[in-house]
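Q: Hi! Could you walk me through this structure with me?

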Amino acid sequence: MLVLLLLLEIFLLVQGEISRSKACQGDAYAETKIVALTFDDGPHPTYTMTLLDGLQERGVKVSFFVTGEHADLHPEVIQRMAEEGHLVGNHTYSHIGLTKSNEKKFRDELAATSELLEKLTGKETAYVRPPYGTWNKKLEKECNLIPVLWNVDSMDWSLQDVAKIKKRVLRSVKDGSIILMHDYFDTSVIAALEIVDELLKQGYTFVTVDEMVYD
Ligand code: NI
């Protein structure tokens with residue numbers, strides 16, 4: 001009898017472990033909904049600061065792809081981005097788009113911007129967002145930069161309307177989305193923070209693009 005009871009107890013223990021581990025897997029799966037917010041063309045002396053304040057309040061990290069020109073004008077904003085754990089990437093010096101005839105200038109601009117960002121943040125720049133999304137694969141090795149494109153385009157620069165930007169982003173966002181925005185308009189910054197609040201409510205975790213590219 002005692003042996004039987006012992007066996008029953010072991011059986012129940014094992015069952016319990018199995019159902020518990022299933023539940024854990026379920027929870028872990030639900031928690032893997034990730035999204036990356038990315039901001040191009042900054043920094044802007046006031047809008048980017050407002051955005052950084054809002055992100056800090058919410059404990060959210062994002063990725064900024066800045067031009068060297070704007071970084072030179074507002075170096076303190078770049079330093080704040082890096083200090084607060086955001087990713088700072090290269091968006092060329094003068095927002096130049098790669099064409100067949102300007103490859104050398106394009107490469108020089110990338111190099112100058114990476115150098116400037118390293119000086120300001122103390123970190124090597126590993127990521128680039130090529131303006132207009134035009135890129136040449138061989139530049140990855142030559143410039144030692146990983147290109148990061150996007151799969152949700154907020155069209156914020158053209159809409160400049162908080163409600164429309166929010167609607168456009170929220171209807172297409174899903175697990176693994178990389179959202180393109182610009183911290184160069186007040187409407188973009190307001191919309192971005194409202195999008196953050198909504199996605200946090202929906203259980204999303206915000207990651208920087210380095211976590212997205214490698215995970
Ligand atoms: Ni741009």
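A: Happy to. Axes here are lines fitted to C-alpha atoms, for helices over the stretch in contact, with angles from 0 to 180 degrees between N-to-C directions. Helices (H or I, at least four residues) and strands (E, at least two) are DSSP runs, numbered from the N terminus. This is a predicted model, where local features need pLDDT of at least 70, side-chain atom pairs count only at pLDDT 80 or more, and totals for chains, interfaces and linings use all residues. Residues are numbered from 1 along each chain as its sequence is written, and side-chain values use heavy atoms, leaving out hydrogens and water.

Q: At what angle do the axes of H4 and H5 cross?
A: Roughly 65°, with the axes of H4 (residues 75-83) and H5 (residues 103-121) coming within 9 Å. That makes H4 roughly perpendicular to H5 (65 to 115 degrees).

Q: Which residues in H4 and H5 meet?
A: On H4, Pro75, Ile78, Gln79 and Ala82; they meet Leu117, Leu120 and Thr121 of H5, contact being heavy atoms within 4.5 Å.

Q: Is aspartate 41 buried or exposed?
A: Buried (under 20% relative accessible area, 1.4 Å probe, protein chains only), as aspartate 41 has 19%.

Notes. Parallel < 35°, antiparallel > 145°, perpendicular 65-115°, else oblique. Buried < 20%, exposed > 50% of the residue type's maximum accessible area, 1.4 Å probe, protein only.
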